[in-house]
Amino acid sequence: MTGTDSYFEFVSFVLERKERNVMLKKIKKIIQKSSPPRLIAFGFAFVILTGAFLLMLPVSIREGETVSFVDALFTSTSAVCVTGLIAIDTADHFTVFGRTVVALLIQTGGLGVTCVGVSLILAAGRRISFKTRMMIKESWNISSYQGLVKLVKYVLKITLLFELVGTFLSFLVFVQDFSPLDALGISIFHSIAAFNNSGFDILGGLTNLIPYQNNVLLNLTTAFLIITGGIGFLVIIDVKNKKSFKKLTFHSKVVISTSMILIIVGTVLLKMTENISWLGAFFHSVSARTAGFSTYSLGSFTNAGLFVLIVLMFIGASPGSTGGGIKTSTLFVMVQMIRSVMNHQHCVAFKRRIDDITIRQAFVVAFLSICIVIISTFLLAYVEPELSFMSLLFESTSAFGTVGLSTGITTQLCDIAKVIIIVTMYVGRLGAMTVATLGTYKEPKTATYTTEEITIG
């Protein structure tokens, strides 16, 4: 190499370094100017794309199997959005490394990208900025900035505790059919997936938990993990501290009472409509609220049973949890508002009045969510006209509610339909309100207009 060549190589290196620095500065400015909802959306998108590329690596794919980019992106999105819908079987297509990547994506998606990021910052011994605190507040729908860092630490401890208990109890079941090492790996994966309300399994053959439909221990363990992960970390902490329903916060009372009613009503309706055991009805009533595990083939369910599951999937879990849907608190507020209108009274519950802003937000969330499901279902029906409408509606609702239940059509979908499901899962994980506020924020107008009545109904 001549001196001239060395000189030009050095100049090229310097220029490339300057370009990288300029690009990094631009990215930093964009991040600083972005609103918390945009940063959360970007964070989820970044993790999803990173997961897709990791799943495309040769070390992630089993010998003799092929994984397209769309299927890798679908799997990554489903994991990060803690959904559980699968275009390809996780156990049959991915190696131990690939399945570990899926488990980490589920854990990241369940806790939230913001929570995981804060955990890494704390582990590095750095301070949490106000911008990061805003993102935590936004991602968990918390009304106050007080004690956010302490809350993150608590969430990590709770998650570790429940997943360890779930791993131990699941191991007692799986060790009967697998070697101790394989049983341990399956138990860890299952516990992470169940607590984070993601219906992934690594049993192979697209069987989900059907081989264990009569195993009481695994059914109850899985249901317990789903319920605790779905009621929200704030509720778990409140129950731990208060230890009495009367002393709980208004939010905790709403979440617990609504969740219990939905589980009971769902169990009864599923037992009425389907030829399944009471254990199976209870399990699917719990699972349909965002987990996505199934112990019976949903392809054999009646339209009535599928409709019950669709309603449960649309409602989903609770705010600040690992689940999706419009949330139990949203349903509760809407029901209470309808009751108050019928009785010509204020909207109250548990001797507390629900403010008008909360009521408006509940109806906005429900309306936007219905619109998302309608659009998604229409697009799926357009690109997959040969599939039944009920199956497509079920698939769309499952994707939006980040549930993961399916009538068995996911693997049959074309690439365009898979992309539609990917977008629906992503939007469902972010939430209707977060998506609605991704646009440029505008200051509220101070001018008011004359009020005039309009006929309703």
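This is a predicted model: local features need pLDDT of at least 70, side-chain atom pairs count only at pLDDT 80 or more; totals for chains, interfaces and linings use all residues.
**Entry 1: helices α10 and α13**

I started with α10, residues 216-230, and α13, residues 278-287. Their axes come within 9 Å and cross at roughly 25°. Angles under 35 degrees count as roughly parallel, so I logged α10 as roughly parallel to α13. I then checked the hand of the crossing, and it is left-handed.

Next I listed who meets whom. From α10 I noted V216, N219, L220, T222, A223, I226 and I227. On the α13 side they meet L279, F282, F283, V286 and S287. I sorted the residues of this contact by type: nine are nonpolar, three are polar and none is charged.

**Entry 2: cysteines**

How many disulfides does a search of the whole structure find? I got zero. C81 has a relative accessible area of 0%, so I marked C81 as buried. C347 comes out at 4% relative accessibility, which also counts as buried, because the cut-off for buried is under 20%.

**Entry 3: S198**

Where is S198 found? I placed S198 in the loop between α9 (180-195) and α10. Is S198 buried or exposed? Its relative accessible area is 0%, so I wrote down buried.

How values were computed:
Residues are numbered from 1 along each chain as its sequence is written. Side-chain values use heavy atoms; hydrogens and water are left out. Axes are lines fitted to C-alpha atoms, for helices over the stretch in contact, and angles run from 0 to 180 degrees between N-to-C directions. Helices (H or I, at least four residues) and strands (E, at least two) are DSSP runs, numbered from the N terminus. Angles under 35 degrees count as roughly parallel, over 145 as roughly antiparallel, 65 to 115 as roughly perpendicular and the rest as oblique. A crossing is left-handed if the near helix is turned anticlockwise from the far one by less than a right angle, and right-handed if clockwise. Contact means heavy atoms within 4.5 Å. Ala, Val, Leu, Ile, Met, Phe, Trp, Tyr, Cys and Pro count as nonpolar, Asp, Glu, Lys and Arg as charged, and the others, Gly among them, as polar. A disulfide is a pair of cysteine sulfur atoms within 2.5 Å. Buried means under 20% relative accessible area, exposed over 50%, partly exposed in between (1.4 Å probe, protein chains only).
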